[in-house]
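Subject: Structure handover

Hello,

Here is the structure I promised to pass on. Please open it alongside this note.

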Amino acid sequence: MNWETKIAWVVSRVFDPVVEIPILLAGTVYYALSNGLRWRFFSLLLVVDAILPAMFMLYQLKTGKVKDWDMTKRKERFELYFFTIFAHLFGVVAAYAVGKQALFEILLIMWSLAVVFALITLFWKISVHAGTNAVLVAFFNHFYGWDKYWWLVGILALVLWSRVVIKKHSWSQVLIGAGVALGWVSLGLQMI
């Protein structure tokens, strides 16, 4: 393995959706905490949006339903994606039920993007690494300003490059994954 491929693997693991989705969740909850959300609710969201999907993925890896961490085969992604959609929907409904409108709207945008990615995955392999990193760019720059988080665009480009170098995706898969996520979340956040 050459140095370029080694670097690409490190980038792909460091900026993995399994790592970044909890970061996005924490960013969303931090925003909501500043608007009166309680920590107990954060714990609930952490369980349904991060821990349960992660446990389900580990179960699938252990039982062989998924052959590798990246779920290289498109069809292996179906069960995890739809499990995650239903788990995340619980968090969206819970935010609405307790009257946390801002959190509900943000979680609804993220949930609807997950649905879009799952539907696309039924027919074509799209890059979730690209999508998750694009969501981070859109989210942090929307709430905290481009003057502070402009550098996330560089990380996004690095992740796109890494996924192509290690042959997990084509350029079209990473560019469309990033474009769909960036557009969807940016538009959704502007609407709320």
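This is a predicted model: local features need pLDDT of at least 70, side-chain atom pairs count only at pLDDT 80 or more; totals for chains, interfaces and linings use all residues.

**Helix α8**

At 1.5 Å a residue, its 14 residues should span 20 Å, and its end C-alpha atoms are 20 Å apart, which agrees. The buried residues of α8 include Leu-152, Ile-155, Leu-156, Val-159 and Leu-160. Ser-162 and Arg-163 are also among the buried residues, as are Val-164 and Val-165. What do these buried residues of α8 pack against? Their partners are α1 (3–14), α6 (128–144), α7 (146–149) and α9.

**Asn-133 in α6**

Asn-133 sits in α6. Its relative accessible area is 3%, which is under the 20% cut-off, so Asn-133 is buried. Setting aside neighbours within four places in sequence, Asn-133 is in contact with Phe-15, Glu-20, Ile-155, Leu-156 and Val-159.

**α6 against α9**

The axes of α6 and α9 come within 7 Å. They cross at roughly 30 degrees. Angles under 35 degrees count as roughly parallel, and α6 and α9 are therefore roughly parallel to each other. The crossing is right-handed. On the α6 side, the residues that meet α9 include Ala-130, Gly-131, Ala-134, Val-135 and Ala-138. On the α9 side, they include Val-174, Gly-177, Ala-178, Ala-181 and Val-185.

**α5 against α6**

α5 covers residues 101–121. α5 and α6 pack at an angle of about 160 degrees, with their axes 12 Å apart. Angles over 145 degrees count as roughly antiparallel, and α5 and α6 are therefore roughly antiparallel to each other. Here too the crossing is right-handed. From α5 come Ile-106, Met-110, Leu-113 and Phe-117. They meet Val-128, Gly-131, Val-135, Phe-139 and Phe-143 in α6. Gly-131, Val-135, Phe-139 and Phe-143 are also among the α6 residues that meet α9.

**Leu-89 in α4**

Leu-89 is in α4, which spans residues 77–97. Leu-89 counts as partly exposed, at 28% relative accessibility. Leu-89 and Met-110 are 21 residues apart in sequence. In space their C-alpha atoms are 9.9 Å apart. Met-110 is one of the α5 residues that meet α6.

Which residue after α8 has a positive phi? Lys-167 does, with a phi near 65 degrees. Lys-167 is a residue other than glycine. It lies in the loop between α8 and α9. Lys-167 is exposed, with a relative accessible area of 70%.

At 29% relative accessibility, Ser-170 counts as partly exposed. Its side chain makes a polar contact with the side chain of Ser-172, at 3.0 Å. Ser-170 and Val-93 are 77 residues apart along the chain, and their C-alpha atoms are separated by 36 Å.

**The loop between α3 and α4**

Met-71 is found in the loop between α3 (39–63) and α4. Met-71 is not a glycine, yet its phi is positive, about 45 degrees. Is Met-71 buried or exposed? At 7% relative accessibility, Met-71 counts as buried.

Best wishes

Notes:
Residues are numbered from 1 along each chain as its sequence is written. Side-chain values use heavy atoms; hydrogens and water are left out. Buried means under 20% relative accessible area, exposed over 50%, partly exposed in between (1.4 Å probe, protein chains only). A polar contact is a pair of N or O atoms within 3.5 Å; within protein, one must be able to donate a hydrogen and the other to accept it, and residues adjacent in sequence count only if both atoms are side-chain atoms. Helices (H or I, at least four residues) and strands (E, at least two) are DSSP runs, numbered from the N terminus. The expected span of a helix is 1.5 Å times one less than its number of residues. Contact means heavy atoms within 4.5 Å. Axes are lines fitted to C-alpha atoms, for helices over the stretch in contact, and angles run from 0 to 180 degrees between N-to-C directions. Angles under 35 degrees count as roughly parallel, over 145 as roughly antiparallel, 65 to 115 as roughly perpendicular and the rest as oblique. A crossing is left-handed if the near helix is turned anticlockwise from the far one by less than a right angle, and right-handed if clockwise.
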